[in-house]
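Take the sequence and the model side by side. The text below goes from the whole chain to its sheets, then to a helix pair, a loop and a metal site.

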Amino acid sequence: MPAKTKPKGTKTRIAIFDTTLRDAEQCPGAAMTTDEKLKVAHQLARLGVDIIEAGFPYSSPGDFEAVQGIVREVRGPTITGLSLCRLEAIDRTAEALKGGKRVRLHVFLSTSPQHREAILRKSKDEVLEMAVSSVKRAREHIEQVEFSPMDATRTEFDYLCQVVEATIEAGASIINIPDTLGYALPPEFGNLIRRLRETVPNIHKAIISVHCHDDLGLATANSLAGVMNGATQVECTINGLGERAGNAALEEIAVILDTRRELKRKFETGIHLKEFYRTSRLVREVTGVPVQPNKAIVGANAFAHSSGVHVDGVIKLQQRRASFEIVRPQKIGLEKSEIVLTSRSGRKAVRHRLAGLGYQLSSQELEKTYQRFLAVADQRKEVTDDELESLVADELRIAQDIYALDYMHVVSGGTTIPTATVRLRRNGEAFQSVASGVGSVDSVYKAIHQIIKLPHRLVDYNVSSVTGGTDALGEVTVRIGDKSGAVHSGRGTSMDIIEASAKAYLAALNKAVFRAEGKPARRRARRAKRTT
Ligand SMILES: [Zn+2]
């Protein structure tokens, strides 16, 4: 068992397997760069997850690179890569995990009649043979192997037992039961786990894991039913991100196990709940996928009754808290800092505060962030943690920009036709354009598009404020779709919403440009590596 178990009586340790970088990364618009994946992986380690599923190395050179980077850099959790049941895919996945101290190879294969017939076009025996030979191949490379019979909940029970027994026999020490379509009901899913434990003769040699999807809003409930029936690993994602309606939300699983007394007596996880708020925010920032305000645990309104309601006097507030809160916001790291940052705060104070928030910046990144901090602090009495985090996220992104915003001027209001002048820079070269549109943002976007001519469509445009007040930092997230169907997200903050909009659009376009221009280059590099 990879978990760092602190023995506490007779509690069962539930291993938290995070698949934000794999399952969530597959959802439209949530694609992350290698750098972004590394940042998320470091934060997941800080959060205390037991296993990080870092990607699908065989699927693309980018994924391969990211998994390799995470194996090299991230300490603490076991790192795993997902692989199809094909020998060359398994070998390539093992290559990405090479050199890692705590690594796991995760192979999956559809076992349901629907998938066997429609996708694999193979008989029961052929599928079983594929699963067994794949687990054996994986074990030749790596000690710890996990096997997932995909679409397990629609697989004939007897056949599922047969596959599980054979793959454990072949060397898999973790058996993951996915509810791939998110169709199961909690009692049904709990039953399935219990019956597997009762029926498969060698099941005690493996850890049983669950992987539930949220198509009917039951992912967390189903995962919990699995745990209550003997599963000791839960696969989940931050903010519940994932394919289609998403996966079970990591924050919900961990907080439920910690909040309900009858569960807390029996189970424990290695999660540091205080890191949740920060982790959720980071994932939101790098994926550009917003969190619904009423989302359990990490949504903006999840704790609103303690901050949004006008209460006179601290005592009354505390009384209200006790009677309304089942989870205290401080528990998940949602608290105000004691240190107040103002325009007189030096680099040291800003760096100290950022370190407290979990950001370790290079001196170049720190300097850029500090300059932006000063610009905001000059206009406001104090800069909050939220605003500071927003500035950092912006700077980390700007560092990888292909086109950078150099100058922008917008004329609008009254009867004037909104007109924008925009200047962008690429490798020191300046490009300028003027355009008019139906509004300020529209004119800016048209001007930018005249410079970066990449064909695309705007999928989504979202404005919110980081803090309250008309002098608040505005935050804009934009998602664009390119010709290949890929969706790219961008985020920008500024005290001026037009500027934030321009930054967000540019960030998304930069990703699209990177994909359009960068991909052939990377493919060439991979081919070259292979022939040598
Ligand atoms: Zn999944």
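Residues 24 or more positions apart account for 67% of the contacts in the protein chain with a separation of 6 or more. Contact here means heavy atoms within 4.5 Å. This is a predicted model, in which local features need pLDDT of at least 70, side-chain atom pairs count only at pLDDT 80 or more, and totals for chains, interfaces and linings use all residues. Residues are numbered from 1 along each chain as its sequence is written, and side-chain values use heavy atoms, with hydrogens and water left out.

The protein chain has 18 helices and 16 strands. Helices (H or I, at least four residues) and strands (E, at least two) are DSSP runs, numbered from the N terminus. Of the 532 residues of the chain, 53% count as buried. Buried means under 20% relative accessible area, exposed over 50%, and partly exposed in between, with a 1.4 Å probe and protein chains only.

Start with the barrel. It is closed by 8 strands in the order S2-S3-S4-S5-S6-S7-S8-S9, and the pairing is parallel. Two strands pair if DSSP finds at least two bridges between them. From one strand to the next, the twist averages 25°. Angles run from 0 to 180 degrees between N-to-C directions, and axes are lines fitted to C-alpha atoms, for helices over the stretch in contact.

Now follow some of the pairs. Strand S2 (residues 15-18) and strand S3 (residues 51-55) pair in the parallel sense over 2 bridges. Phe17 stands opposite Ile51 in S3. Helix H2 packs on this sheet and touches S3, S4 and S5. The direction of H2 makes about 150° with that of S3. Strand S4 (residues 78-84) runs parallel to S5, and 6 bridges join them. Ile79 has Val103 as its bridge partner in S5. Strand S6 (residues 145-150) is joined to S7 by 2 bridges, again parallel. There, Phe147 stands opposite Ile175 in S7.

How many residues of strand S5 (residues 103-110) are buried? The count is 8 of 8. In a regular strand the side chains alternate between the two faces of the sheet. In S5 both faces are covered. Val103, Leu105, Val107 and Leu109 lie on one side, with Arg104, His106, Phe108 and Ser110 on the other. Strand S7 (residues 174-179) is also mostly covered, with 6 of its 6 residues buried. One side of S7 holds Ile174, Asn176 and Pro178; the other holds Ile175, Ile177 and Asp179.

Next, a helix pair. Two packed helices are described by the angle between their axes and the distance between the axes. Helix H2 (residues 61-73) and helix H3 (residues 87-97) have axes that come within 7 Å and cross at roughly 40°. H2 and H3 are therefore oblique to each other; angles under 35 degrees count as roughly parallel, over 145 as roughly antiparallel, 65 to 115 as roughly perpendicular and the rest as oblique. H2 contributes Phe64, Val67, Gln68 and Val71 to the contact, and H3 contributes Arg92, Glu95, Ala96 and Leu97. These residues divide into 5 nonpolar, 1 polar and 2 charged. Ala, Val, Leu, Ile, Met, Phe, Trp, Tyr, Cys and Pro count as nonpolar, Asp, Glu, Lys and Arg as charged, and the others, Gly among them, as polar.

A second sheet is open. Its 3 strands have the order S11-S12-S13, with antiparallel pairing. The edge strands are S11 (404-411) and S13 (429-436), each pairing on one side only. The twist averages 15° from one strand to the next. S11 and strand S12 (residues 419-426) share 7 bridges. Met408 has Val422 as its bridge partner in S12. Helix H17 (residues 440-451) lies across S11, S12 and S13, at about 135° to S13.

Now a loop. Pro28 sits between S2 and helix H1 (34-47). Pro28 counts as exposed because its relative accessibility is 58%. Beyond its neighbours within four places in sequence, Pro28 is in contact with Arg479 and Val487. Pro28 and Val487 are 459 residues apart in sequence, yet 5.8 Å apart in space, C-alpha to C-alpha.

Last, the metal. Which residues are the protein donors of the zinc ion? They are Asp23 (OD), His211 (NE2) and His213 (NE2), lying 1.9 to 2.2 Å from the ion. Donors are N, O and S atoms within 2.8 Å of the metal (3.2 Å for Na, K and Ca); water is not among the atoms, so sites may look incomplete. The sequence spacing of the donor residues is D-x187-H-x1-H. His211 counts as buried because its relative accessibility is 5%. His213, at 4%, counts as buried too.
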